[in-house]
Amino acid sequence: MDMNVGVIGSGTMGTGIAQVAASSGCKVKIYDNQPQALEKCRKSIQGSLQKMLEKGKISQNEAEQLFGRISFIGDLTALNDSDIVIEAIIENIAVKSTLFSNLEHIVSENCILASNTSSLSIASIAASCKKAERVIGIHFFNPAQLMQLVEIIPAIQTSDATTEQALRIISSWNKIPVLAKDTPGFIVNRLARPFYGEALRIYEEGIADFATIDHAMKHFGGFRMGPFELMDFIGNDINYTVTESVFTAFYFDPRYKPSFTQKRMIEAGYLGRKSGRGYYDYAEGAAMPKAAEDESLGKDIFARILVMLINEAAEALHLNIATARDLDLAMTKGVNYPKGLLHWANEIGIDFCVDKLDELYHNYHEDRYRCSVLFRKMKAEGRKFEIN
Ligand SMILES: NC(=O)c1ccc[n+]([C@@H]2O[C@H](COP(=O)([O-])OP(=O)(O)OC[C@H]3O[C@@H](n4cnc5c(N)ncnc54)[C@H](O)[C@@H]3O)[C@@H](O)[C@H]2O)c1
């Protein structure tokens with residue numbers, strides 16, 4: 001699609017989004033209010049193109065053309081000819097609102113205004129614009145150049161035409177768009193919570209150590225990384241903030257309760273790989289702990305975390321957060337799960353999932369283990385999830 005794209009915020013996400021749009025032939029203007037951030041972005045894109053060139057993924061000519069389609073701008077008004085503007089600035093509603101209301105006076109009537117926010121409601125951002133029907137959430141995953149999934153989140157104010165156009169644009173950028181309701185965590189950041197939360201809970205109860213839990217999820221589940229390895233990779237500070245924000249936004253639903261174990265890790269400065277230490281020690285020569293060799297324990301851990309993830313997906317389907325197809329696509333394409341969660345439920349059996357959740361609920365009497373009503377109904381009716 002030949003169009004003019006504006007990107008605001010030239011940090012991690014803005015840089016990736018600008019490169020994605022330029023790769024598909026769009027002319028991109030990227031704006032940041034910090035000149036050094038723009039410079040870093042320019043170097044990062046050049047570096048990324050250089051790597052692609054060395055790997056033979058693009059020719060010298062293609063790299064030059066692609067880079068030539070991106071301008072780095074320090075003046076917001078230069079976005080006046082944009083067909084779509086995607087904002088990827090600091091995660092702060094007051095700052096985003098001011099930007100969107102200023103932007104509305106710069107761009108044309110038909111320009112789509114999108115936010116890449118991970119945790120703010122799209123309705124609250126759209127409310128800062130007079131023409132709120134052209135505002136939408138377009139949520140990329142990091143690194144945007146590599147991750148195929150993009151969540152499209154219409155606010156209650158968003159027009160169908162805006163949503164359809166956003167879906168068309170994202171598909172034309174060779175990404176896989178999924179449609180999500182404007183609810184906390186959208187799809188991926190909501191459905192993935194038990195992967196971390198239940199693993200932390202299992203550890204806190206003394207059932208198993210980090211290495212054993214990680215091994216169980218990789219060996220029995222086929223996940224590329226275990227929960228603790230992944231939290232160390234993402235950064236405990238970032239991962240905890242997402243959990244806390246989802247927990248707060250869901251009015252403190254115990255299903256999303258953050259963990260003291262993770263909080264203490266942050267307080268101790270054990271952020272993960274980036275600080276050299278998290279659940280594991282990343283110092284050179286440090287020995288990685290070994291997982292306990294206990295197959296039945298491993299299978300139990302995997303089953304407990306998996307049914308909690310599946311229950312989250314079932315509940316999201318029940319509440320019309322997205323279609324079954326989009327819920328499954330989101331997890332396989334957004335966070336590389338080996339299978340979609342609803343597909344997985346069909347495979348291991350709805351009866352098994354409901355019984356396992358009921359067993360947990362019976363043991364704990366905690367609301368966190370409540371089984372989705374949809375699930376229970378499906379068991380009674382002998383139905384499977386229909387994913388197409
Ligand atoms: N990092 C992720 O993994 C990730 C993934 C998906 C979505 N997001 C969302 O994307 C957005 C950006 O995240 P990031 O990780 O790229 O942040 P970042 O800190 O890497 O980059 C933000 C950039 O925005 C600039 N900026 C701040 N305020 C500005 C303003 N008023 N006008 C213009 N530029 C301004 C900063 O100078 C900085 O360069 C956030 O809303 C975040 O929630 C992040």
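I started with handedness: α8 and α13 cross in a right-handed way. The model is predicted, so I read every value as computed from it. I then looked up the geometry. Helix α8 covers residues 193-204 and helix α13 covers residues 295-318. Their axes come within 9 Å and cross at roughly 145°.

Next I listed who meets whom. From α8 I noted Arg193, Pro194, Phe195, Glu198, Ala199 and Ile202. Their partners in α13 are Ile301, Arg304, Ile305, Met308, Leu309 and Glu312. I sorted this contact by class: eight residues are nonpolar, four are charged and no polar residue takes part.

I found helix α11 at residues 236-249. The axes of α8 and α11 lie 11 Å apart, at an angle of about 100°. Angles of 65 to 115 degrees count as roughly perpendicular, so α8 is roughly perpendicular to α11. On the α8 side I noted Arg193, Tyr196 and Gly197. On the α11 side I noted Asn239, Thr243 and Val246. By class, this contact has three polar residues, two nonpolar and one charged.

I placed Ala283 in the loop between α12 (260-267) and α13. Is Ala283 buried or exposed? I found 8 C-beta neighbours inside 10 Å. The cut-off for exposed is 12 or fewer, so Ala283 counts as exposed.

Last, I checked a distance from Ala283. Asn346 is 63 residues away along the chain. The C-alpha atoms of Ala283 and Asn346 are separated by 42 Å.

How values were computed:
Residues are numbered from 1 along each chain as its sequence is written. This is a predicted model: local features need pLDDT of at least 70, side-chain atom pairs count only at pLDDT 80 or more; totals for chains, interfaces and linings use all residues. Axes are lines fitted to C-alpha atoms, for helices over the stretch in contact, and angles run from 0 to 180 degrees between N-to-C directions. Helices (H or I, at least four residues) and strands (E, at least two) are DSSP runs, numbered from the N terminus. A crossing is left-handed if the near helix is turned anticlockwise from the far one by less than a right angle, and right-handed if clockwise. Two residues are in contact if their C-beta atoms, placed from the backbone, lie within 7 Å. Ala, Val, Leu, Ile, Met, Phe, Trp, Tyr, Cys and Pro count as nonpolar, Asp, Glu, Lys and Arg as charged, and the others, Gly among them, as polar. Angles under 35 degrees count as roughly parallel, over 145 as roughly antiparallel, 65 to 115 as roughly perpendicular and the rest as oblique. A residue is buried if 20 or more other C-beta atoms lie within 10 Å of its own, exposed if 12 or fewer, and partly exposed in between; C-beta atoms are placed from the backbone.
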